[in-house]
Amino acid sequence: MKVTVKVHLILTKYQINLTNNQNTNIELSEKSLVKDLIKSINIPIEEIGMVLVNGTIVKNDHILKENDIIQIYPPIIGG
Amino acid sequence: MAKIIRVNMTDKTLSEHEVPSKYNMLGGRGLTSQIILDEVDPTCHPLGEKNKLVIAPGLLAGTRVSTSGRISIGAKSPLTGGIKESNAGGTAAIKLAKLGIKSVILEGKPKNDEWYILKIAKDEIELINAEDDLVGLGNYDTASRLKEKYGKKIAVMSIGQAGEFQMSAASVAVLDQDGIPCRHCGRGGLGAVMGSKKLKAIVIDDNEANEKLIDIQNEDAFNAINREWAKVLIVAKKGLTEFGTTALVDPINAIGGLPTKNFSKGSYESAEKINGRTLAETIKSRGGKPSHACQPGCVIRCSNVYHDKDGNYLTSSLEFETVTLFGSNIENDSLDVIAECDRKCDDYGLDTIEMGNTIAVAMEGGLEQFGDKEAPLKLLDEVAKGSVIGRVLGQGASVTGKVLGVERVPAVKGQAMAAYDPRSLKGTGVTYATSPMGADHTAGNMLPGAFGLNPNLSDGQSEGSRKRQIMATVIDTMGLCIFVGVDMPQMEYLSKLLTNAVGKEVSVDDILDIGKEVLRNEIKFNKLAGLNELHNRLPEFFKREKLAPKELVFDVKDIELDMVHNF
């Protein structure tokens, strides 16, 4: 299945094919979890602070489906 | 030997005092709040002779601990009517520590209209008449003039026109390590308290001074722990080093919490024009600095130096709060306009958080149009001129809302909110509601991911806010920057550092007890000043108006807010 991924600029160092807020389409097997996606794009799981699927904050074991839009952020610091 | 300096502005007497032993384990916010509770009548007028302006470096000031150079200022606030502490980076705290000065207490009020400068140097503390032409200047010119006269290496704490006018949004500027007045004790109108005492500036010269505020008992162990912590910070805070705090624009926008059009929406369609990447690229293309340390020894270096289109210096330390509140919150997508607003606020001596909100409220009240790029610059100039409308705006968002008949004023205890909508970031909303400081994100920010909570849901937010408020108070008391992290691993490092500093066990619980005691002091002062639990509430519209795009309201129950300070 195809999903769309956006990665925050701080995390783009891990994946040269993904750039900040640019939609990138990725093929995943059916019923993949958020953590499977993160593994497939080579970002260390401890570097992830927040994941949103279609605008809703989800946990790492959330099951993805066709055409989901996934936003991945590092731990949020500062302010 | 550490000392406390008292400056009586009524009779212009100066005196030095030993530090009472009860203040030994206090510094920064812990010390300013303790002194205010001990010495200031909670019912006093904030701009009257009974209020005191208390300045204190943190407990770890002058040590090698990274970010330990923040300076705290406290007083009864003209904005909130309660106790206030506001801190900033820069060079003032480090120099005061080197002079062995644990606190400067400014009391009384001159009976005449003359303005003064307080000069603090080794073996020399002096109250000097300010030259006539210094009065009325902004912080940039004030700093240039004082550096010319007293030397380039001095630290300066000064007020601009807003402080002179005793406006409730007035800040106290602190020079950064490049000698630029871009670090501000911004919140709560402390610049107005300094202005009420007719003190234009404090000059701090640490030439030949070599005192210490804290005598480290086990220096080798202390330094080893400090080195280890610094290494951890360098890796963990890389995002802040590379992109500064504006890296927050995207995630806060994504969770629907980016204040837009005076807190009427939580998402901004032009967020990409003002986000961390655009800011970093703009700064680099014009020869500015995307990463910059506000104080010597900081390994995080979250600050920046912003140049205009022609490549000339415009402003420093353009932060997430300023970018958002002068950006999306007034529907302005121009970083250059935001940077000009920041420069004007720094120069006139205004809190950017209060003023971004104030201008949004003014726009909602029909004074100007949202999206008008000239409007915020024009309104800030009115503040510096002291025109009638400028005087209204300079009193902050709450007064401006009253004058213009605007209900949607995002403030608690009279102080406007930072750039997180509490309907989306509910834990931060709990902190806004309950902090003795008024709506202050630095008092215990609950950013996404903190304690594993979903910021859009109310579950667990009160407990999370309680923990963060206690730990943030500890960090403020140590004189550190909250960007080291307001979390248990940092409390553990502080426990180890203090154990080796004082030569006896200081447990994590002992550290947390310091934070709890300081908060209790602040709550006690506020109660005596007439602020109680009923003031620990968000404005009504946050509970009623659904925030687009996520249609969220603030639904943390009052009973949970009342339990936040049960510790």
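The following legends describe close-up views of a predicted model.

**View 1. Strand 7 of chain B and its burial.** Strand 7 of chain B spans residues 116–121 and is mostly covered, with six of its six residues buried.

**View 2. The hairpin of strands 7 and 8 of chain B.** Strand 8 of chain B comprises residues 124–129 and runs antiparallel to strand 7, to which six bridges join it. Within this pairing, B:K119 stands opposite B:E126 of strand 8. The two strands form a hairpin with two residues between them. In the turn, B:D123 has a positive phi of about 55°.

**View 3. The parallel pairing of strands 7 and 12 of chain B.** Strand 7 also pairs with strand 12 of chain B, residues 199–204, through five bridges. These two strands run parallel.

View 4. B:N51 is located in the loop that lies between helix 1 (28–39) and strand 3 (53–57) of chain B. Because buried means under 20% relative accessible area, B:N51 counts as buried at 0% relative accessibility. With residues up to four places away in sequence set aside, B:N51 touches B:V40, B:C44, B:H45 and B:P46, and also B:A75, B:K76, B:L106, B:E107, B:G108, B:V193 and B:K197. One of these contacts, B:E107, is 56 residues away along the chain, yet its C-alpha atom and that of B:N51 are separated by 6.8 Å.

**View 5. The interface of chain B and chain A.** Chain B contributes 29 residues to the contact, and chain A contributes 18 residues. The size of an interface is often expressed as the accessible area lost when the parts come together. Between chain B and chain A, the buried area is about 1,900 Å², and carbon and sulfur atoms give 63% of this area. On the side of chain B that touches chain A, the elements giving two or more residues are helix 7 (238–243), helix 8 (249–254), helix 9 (276–285) and helix 10 (320–325). The residues of this side of chain B divide into 14 nonpolar, nine polar and six charged.

Notes. Residues numbered from 1 in each chain as written. Chains lettered and ligands numbered in written order. Predicted model: local features only at pLDDT ≥ 70, side-chain atom pairs only at ≥ 80, totals over all residues. Heavy atoms only, no water. Buried < 20%, exposed > 50% of the residue type's maximum accessible area, 1.4 Å probe, protein only. Helix = DSSP H or I, 4+ residues; strand = E, 2+ residues; numbered from the N terminus. Pairing = 2+ DSSP bridges. Contact = heavy atoms within 4.5 Å. Buried area = accessible area lost by both parts, 1.4 Å probe. Nonpolar A, V, L, I, M, F, W, Y, C, P; charged D, E, K, R; others polar.
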